[in-house]
Amino acid sequence: MGVAGRGQGWNGYRGGLRVASLALLLLLSACGFQMRGTTPLPFDSLYVGIPPNSRFGAEVRRAIEAASPDTKLVAAPKEAEAQLQQIRNSRSMREVSLNAQGRVEEYELGLVFTFRVIDSKGRALLPDTTLETYREMPYNDQVVQAKEGQAESLYRNMEQSLVSRIVRRLTAPDVRLAAQRLEHAKPGEDTGPVYDTAPPPQQSDRLPWNRPSITNGPPSPDDDMQY
């Protein structure tokens with residue numbers, strides 16, 4: 001076989017591979033296979049009841065959009081097929097060790113987030129779920145400002161950890177099964193707990209993160225700042 005003949009044969013072989021690869025992708029798609037990195041949620045629209053102007057709320061929305069590009073995030077609960085309701089979002093700071101003079105040497109930072117997911121009728125797709133994360137932080141009262149910055153950085157890392165865990169719960173098989181079960185539920189059938197579709201009151205406890213608990217000084221005007 002000449003060079004031209006070998007070249008044509010190779011081009012034909014590559015073309016056949018492309019066709020075969022495309023056919024395989026179509027087959028996998030038809031079987032419900034999803035490319036790694038995307039796990040579509042079992043609803044077409046979702047209302048996220050976390051303040052959108054908070055860093056945490058923005059990160060949760062970005063993560064959901066990345067995991068389920070076809071799910072539309074809407075601005076009002078009435079527009080949504082499902083709703084993520086925030087029940088609790090609180091920070092804590094606990095003394096875990098003292099030095100010989102009775103001064104704090106180490107704090108334990110905590111972040112607790114409780115949420116649920118309901119459908120448009122208030123039926124639970126995911127009952128109340130609490131996620132917690134904790135970090136330890138060495139403390140020196142001679143460098144208060146630096147430690148406050150370190151604490152905030154740790155809280156940010158903890159929030160990022162929670163974002164990943166929230167998305168994993170939303171995309172878990174039990175949520176998909178619950179959505180399918182409710183979709184085919186017959187009138188009068190027991191479908192579990194039913195919640196108010198109006199967003200619950202926001203509980204965002206930041207009281208442990210005030211400067212008097214660290215420095216024993218006067219209250220700061222920043223004590224009520226939302227992060």
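Reply: Let us begin with one residue. Glu79 counts as exposed because its relative accessibility is 51%, and the cut-off for exposed is over 50%. Please keep in mind throughout that this is a predicted model.

Me: Where in the chain does Glu79 lie?

Reply: Glu79 belongs to the loop between β2 and β3.

Me: Which residues is Glu79 in contact with, leaving aside its neighbours within four places in sequence?

Reply: With those neighbours set aside, Glu79 is in contact with Ser45 and Val74.

Me: What is the separation in space, C-alpha to C-alpha, of Pro51 and Gln86?

Reply: Pro51 and Gln86 are 9.3 Å apart by that criterion, and 35 residues apart in sequence. Pro51 is found in the loop that runs between β1 (45–49) and α2 (55–67). With 32% relative accessibility, Pro51 counts as partly exposed.

Me: How much of the contact pattern of the chain comes from residues 24 or more positions apart?

Reply: Among contacts with a separation of 6 or more, residues 24 or more positions apart account for 70%.

Me: How many helices and strands does the chain have, and what pattern do they follow?

Reply: The chain has 5 helices and 5 strands. Read along the sequence, their pattern is α-β-α-β-β-β-β-α-α-α.

Me: What share of the residues is buried, and what is the accessible surface of the chain?

Reply: Of the 227 residues in the chain, 36% are buried. The accessible surface of the chain comes to about 13600 Å², and carbon and sulfur atoms hold 54% of that surface.

Me: Let us turn to charge. Which residues gather in a patch of negative charge on the surface?

Reply: The patch of negative charge consists of Asp44, Asp70, Glu81 and Glu183. Glu81 has its place in the loop between β2 (72–73) and β3 (82–98). Why is Glu81 classed as partly exposed? The class follows from its 36% relative accessibility.

Me: How should I read a salt bridge?

Reply: The general idea is that side chains of opposite charge can pair when their charged atoms come close. In the present case, the structure holds 8 salt bridges. One of them joins Glu108 and Arg94, whose closest N and O atoms are 3.2 Å apart. This pair links distant parts of the chain, with Glu108 in strand β4 (residues 104–119) and Arg94 in strand β3, 14 residues apart. Arg94 counts as partly exposed, at 46% relative accessibility.

Me: Are Arg123 and Asp119, which also meet in a salt bridge, buried or exposed?

Reply: Both Arg123 and Asp119 are buried. The N to O distance in their salt bridge is 2.7 Å.

Me: What are the accessibilities of Asp174 and Arg169?

Reply: Asp174 has a relative accessible area of 38% and is therefore partly exposed. Arg169 is likewise partly exposed, at 23%. The side chains of Asp174 and Arg169 form a salt bridge with an N to O distance of 3.2 Å.

Me: Which residues do salt bridges with shared partners join into one network?

Reply: That network is made up of Arg55, Arg91, Glu152 and Glu159.

Notes
Residues are numbered from 1 along each chain as its sequence is written. This is a predicted model: local features need pLDDT of at least 70, side-chain atom pairs count only at pLDDT 80 or more; totals for chains, interfaces and linings use all residues. Side-chain values use heavy atoms; hydrogens and water are left out. Helices (H or I, at least four residues) and strands (E, at least two) are DSSP runs, numbered from the N terminus. Buried means under 20% relative accessible area, exposed over 50%, partly exposed in between (1.4 Å probe, protein chains only). Contact means heavy atoms within 4.5 Å. Accessible areas come from the Shrake-Rupley method with a 1.4 Å probe; for residues, only the protein chains shown count as cover. Patches are made of residues with over 30% relative accessible area and no salt bridge: like charges are joined within 9 Å, nonpolar side chains (Val, Leu, Ile, Met, Phe, Trp, Tyr) within 5 Å. A salt bridge is a side-chain nitrogen of Lys or Arg within 4 Å of a carboxyl oxygen of Asp or Glu. Lys and Arg count as positive and Asp and Glu as negative; His and the chain ends are not counted. The place of a charge is taken as NZ of Lys, CZ of Arg, CG of Asp or CD of Glu.
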